[in-house]
Amino acid sequence: IYGASWGTTLALAYAETHPEHVDALVLQGVTMTRRSEIDWLYRGLGTRLPEAYAAFRAGAPAGTADEDLVAAYNDLMFDPDPAVREKAALDFHRWEAAMLLAEPGGAWPLRWDDAGYRLCRGRIVTHYFRNGGFLADGQLLANAHRLKGIEGVLIQGTADPQAPDTTARELAAATLPVVILVHQPLESSGGIDNQEEVRAILEQDRGADHPGVAAVFTGHLHQ
């Protein structure tokens with residue numbers, strides 16, 4: 001299974017529930033959607049990006065507490081007024097873009113130019129995050145023992161503001177020696193944006209020690 005960012009949460013949830021169906025894991029920009037990680041994205045990072053965060057807060061109804069911003073934006077994106085929905089989706093993605101632009105090589109994703117896409121994506125993100133990904137807090141780390149016997153690689157950028165390497169380190173510590181932590185110096189894991197590049201990282205950094213992971217990943221890539 002290959003997952004990036006939010007996809008790593010989905011990959012871990014599946015692998016821990018159905019380990020018998022998983023040959024290997026390749027996780028890039030590791031997140032487990034814990035409340036602390038959600039709080040970092042929509043409150044903690046505001047200390048690093050104060051102007052963008054002020055604009056993000058201003059888009060929510062007056063008096064909204066910082067810890068309630070995700071829920072507030074979710075409500076706005078389901079407002080009966082189309083203009084309210086569209087503005088909320090744009091404001092939300094401007095904050096998301098500010099986080100991306102803080103990464104080395106970060107850029108506004110072109111598909112975010114589509115107002116319909118912004119609304120759909122914004123609704124999904126805020127729906128899941130206001131509900132903690134529909135996971136018990138810390139569930140994926142607590143159940144990491146279920147990954148025993150599954151070979152895997154974590155690809156984690158040392159300069160990734162959205163997915164600090166703390167999460168990857170905690171997961172690696174809970175599953176070692178099965179899962180190996182790979183760092184990409186001075187790069188964001190979010191900046192690795194295609195599977196060919198991920199394959200190259202696997203072959204270069206772990207090909208000798210963990211050929212099984214690279215082989216499985218490469219095989220699925222070319223199916």
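Read along the sequence, the protein runs β-α-β-α-α-α-α-α-α-β-α-β-α-α, which amounts to ten helices and four strands. The model is a predicted one. Of the 223 residues, 45% are buried. Among contacts between residues at least 6 apart in sequence, 69% join residues at least 24 apart.

**Aromatic residues**

- The whole structure contains 13 aromatic pairs. One of them is Tyr42 with Phe92, a stacked pair with 5.7 Å centre to centre and 20° between the planes. This pair counts as stacked because its planes are under 30 degrees apart.
- The Tyr42–Phe92 pair links distant parts of the chain: Tyr42 belongs to helix H2 (residues 35-42) and Phe92 to helix H5 (residues 82-101), 50 residues apart.
- Both partners are buried: Tyr42 has a relative accessible area of 4%, and Phe92 has one of 0%.
- One aromatic cluster takes in Tyr42 and Phe92 together with Trp6, Tyr53, Phe56, Tyr73, Trp95, Tyr128, Phe129 and Phe134.
- Phe78 has a charged residue over its ring: Arg123 lies over the face, at 4.3 Å from the ring centre.

**Packing of H3 against H5**

- Two packed helices are described by the angle between their axes and the distance between the axes.
- For helix H3 (residues 50-58) and H5, the angle is about 160° and the axes are 9 Å apart.
- Because angles over 145 degrees count as roughly antiparallel, H3 and H5 are roughly antiparallel to each other. Their crossing is left-handed.
- On the H3 side the contact is made by Ala52, Tyr53 and Phe56, and on the H5 side by Asp91, Phe92, Trp95 and Ala98.
- Several of these contact residues also belong to the aromatic cluster, among them Tyr53, Phe56, Phe92 and Trp95.

**Helix H4 and Leu76**

- Helix H4 (residues 69-76) is mostly covered, with six of its eight residues buried. These are Leu69, Val70, Ala72, Tyr73, Asn74 and Leu76.
- The buried residues of H4 pack against H2, H3, H5 and helix H6 (115-130).
- Tyr73, one of the buried residues of H4, is also a member of the aromatic cluster.
- Leu76 lies in H4 and has 17% relative accessibility, so it counts as buried.
- Leaving aside neighbours within four places in sequence, Leu76 is in contact with Gly59, Ala60, Pro61, Val84, Arg85 and Ala88.
- Leu76 and Gly59 are 17 residues apart in sequence, and their C-alpha atoms are 9.5 Å apart in space.

- Ala144 is placed in the loop between helix H7 (139-142) and strand S3 (151-157). Its relative accessibility is 2%, so Ala144 counts as buried.
- Not counting residues up to four places away in sequence, Ala144 touches Glu16, Leu171, Ala174 and Thr175.
- The C-alpha atoms of Ala144 and Ala13 are separated by 9.6 Å, although the two residues are 131 residues apart along the chain.
- Asp113 is in the loop between H5 and H6. At 53% relative accessibility, Asp113 counts as exposed.
- With residues up to four places away in sequence not counted, Asp113 touches Trp108 and Arg118.
- From Asp113 to Leu90 the C-alpha separation is 9.3 Å, for residues 23 apart in sequence.

- Ser5 has a phi near 55°, a positive value in a residue other than glycine. Ser5 is found in the loop between strand S1 (2-4) and helix H1 (6-17). The relative accessibility of Ser5 is 43%, so this residue counts as partly exposed.
- Phe134 has a phi near 60°, again a positive value in a residue other than glycine. Phe134 is in the loop between H6 and H7, and it is one of the residues of the aromatic cluster.

Note on methods. Residues are numbered from 1 along each chain as its sequence is written. This is a predicted model: local features need pLDDT of at least 70, side-chain atom pairs count only at pLDDT 80 or more; totals for chains, interfaces and linings use all residues. Side-chain values use heavy atoms; hydrogens and water are left out. Rings of Phe, Tyr and Trp (its six-membered ring) pair if their centres lie within 6.5 Å; planes under 30 degrees apart count as stacked, over 60 as edge-to-face and the rest as tilted. Helices (H or I, at least four residues) and strands (E, at least two) are DSSP runs, numbered from the N terminus. Buried means under 20% relative accessible area, exposed over 50%, partly exposed in between (1.4 Å probe, protein chains only). A charge sits over a ring if NZ of Lys or CZ of Arg is within 6 Å of the ring centre and within 35 degrees of the ring normal. Axes are lines fitted to C-alpha atoms, for helices over the stretch in contact, and angles run from 0 to 180 degrees between N-to-C directions. Angles under 35 degrees count as roughly parallel, over 145 as roughly antiparallel, 65 to 115 as roughly perpendicular and the rest as oblique. A crossing is left-handed if the near helix is turned anticlockwise from the far one by less than a right angle, and right-handed if clockwise. Contact means heavy atoms within 4.5 Å.
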